Amino acid sequence: MNTSPITDEDERLIADARAILAKYYKPGKHHVGAVIRTKAGQIFTAVHLEANVGRVAVCAEAIALGKAISEGESMFDTIVAVRRPAEAASHAEIAIVSPCGICRELLSDYGADMRVIFVEGGEVKKCGVLDLLPGKYTRGAEDTPTLTAES
Ligand SMILES: [Zn+2]
């Protein structure tokens, strides 16, 4: 997997994700936050929506992406999500989480060259979303994601 170093800009993105979750954290409702940065540098934040019927829950990454797209954005640079564990005593335990499989699919549909900040083996890393999704599902050759310029 091709990973790249976490930059100061990425550290700010992580801080923004922690801040949005700390602000709107609500047990059983919102315990994941996400921030997406566009290639133009715009930032969109979100918290996830938990639901009594679990499969209706919506991930924070999907909401952040949807907010950005709803504001006319289509070029995405980097996304990060954070989570506060249910048993956490405070916001100090908010930590970076890797996107779920469904989000990997969704993010790669809208930004095949998007970078994702995630954690592996306790180490914060950044890679392309398709590096997290080998053998991505497609409906045919016309849907096969193609990478644009390397970021
Ligand atoms: Zn997800």
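This is a predicted model: local features need pLDDT of at least 70, side-chain atom pairs count only at pLDDT 80 or more; totals for chains, interfaces and linings use all residues.
Me: What does Glu 61 touch, and what makes a pair of residues a contact?

Reply: Two residues are in contact if their C-beta atoms, placed from the backbone, lie within 7 Å. Not counting residues up to four places away in sequence, Glu 61 touches Ala 34, Ile 79, Ala 81, Pro 99, Cys 103 and Leu 107.

Me: How do you know whether Ser 108 is buried or exposed?

Reply: Ser 108 lies in helix H3, and with 22 C-beta neighbours inside 10 Å it therefore counts as buried. Glu 61 and Ser 108 are 47 residues apart in sequence and 12 Å apart in space, C-alpha to C-alpha, and the C-alpha atoms of Ser 108 and Lys 136, which are 28 residues apart along the chain, are separated by 8.6 Å.

Me: What makes Thr 7 and Gly 28 buried or exposed?

Reply: Thr 7 is found in the loop between strand E1 (3-4) and helix H1 (8-24), and because 11 other C-beta atoms lie within 10 Å, Thr 7 is exposed. Gly 28 is found in the loop between H1 and E2, and Gly 28 is exposed because it has 9 other C-beta atoms within 10 Å. The C-alpha atoms of Gly 28 and Asn 52, 24 residues apart along the chain, are separated by 8.9 Å.

Me: Why are H2 and H3 given their description of relative direction?

Reply: Helices (H or I, at least four residues) and strands (E, at least two) are DSSP runs, numbered from the N terminus. Axes are lines fitted to C-alpha atoms, for helices over the stretch in contact, and angles run from 0 to 180 degrees between N-to-C directions. Angles under 35 degrees count as roughly parallel, over 145 as roughly antiparallel, 65 to 115 as roughly perpendicular and the rest as oblique. Helix H2 (residues 60-70) and helix H3 (residues 101-110) pack at an angle of about 20°, with their axes 10 Å apart, and H2 is therefore roughly parallel to H3.

Me: Which residues make the contact of H2 with H3, and what are their classes?

Reply: From H2 the contact is made by Glu 61, Ala 62, Leu 65 and Ile 69, and from H3 by Cys 103, Leu 106, Leu 107 and Tyr 110. Ala, Val, Leu, Ile, Met, Phe, Trp, Tyr, Cys and Pro count as nonpolar, Asp, Glu, Lys and Arg as charged, and the others, Gly among them, as polar. By class, the contact has seven nonpolar, no polar and one charged residues.

Me: Which residues of H2 are buried, and what do they pack against?

Reply: The buried residues of H2 are Ala 60, Glu 61, Ala 62, Ile 63, Ala 64, Leu 65 and Ala 68, and they pack against strand E2 (32-38), strand E3 (43-47), E4 and H3.

Me: Why is E2 described as enclosed to the extent that it is?

Reply: Six of the seven residues of E2 are buried, so E2 is largely enclosed by the rest of the structure.

Me: How do you know which strands pair with E2?

Reply: Two strands pair if DSSP finds at least two bridges between them. Seven bridges join E2 to E4, and these strands run antiparallel, with Arg 83 in E4 as the bridge partner of Val 32. E2 and E3 also pair in the antiparallel sense, over five bridges, and here the bridge partner of Gly 33 is Val 47 in E3.

Me: What pairings does E6 make?

Reply: Strand E4 (residues 76-83) and strand E6 (residues 115-120) pair in the parallel sense over three bridges, and Ile 79 stands opposite Val 116 in E6. E6 and strand E7 (residues 123-128) pair in the antiparallel sense over six bridges, with Val 119 opposite Val 124 in E7.

Definitions and conventions: Residues are numbered from 1 along each chain as its sequence is written. A residue is buried if 20 or more other C-beta atoms lie within 10 Å of its own, exposed if 12 or fewer, and partly exposed in between; C-beta atoms are placed from the backbone.
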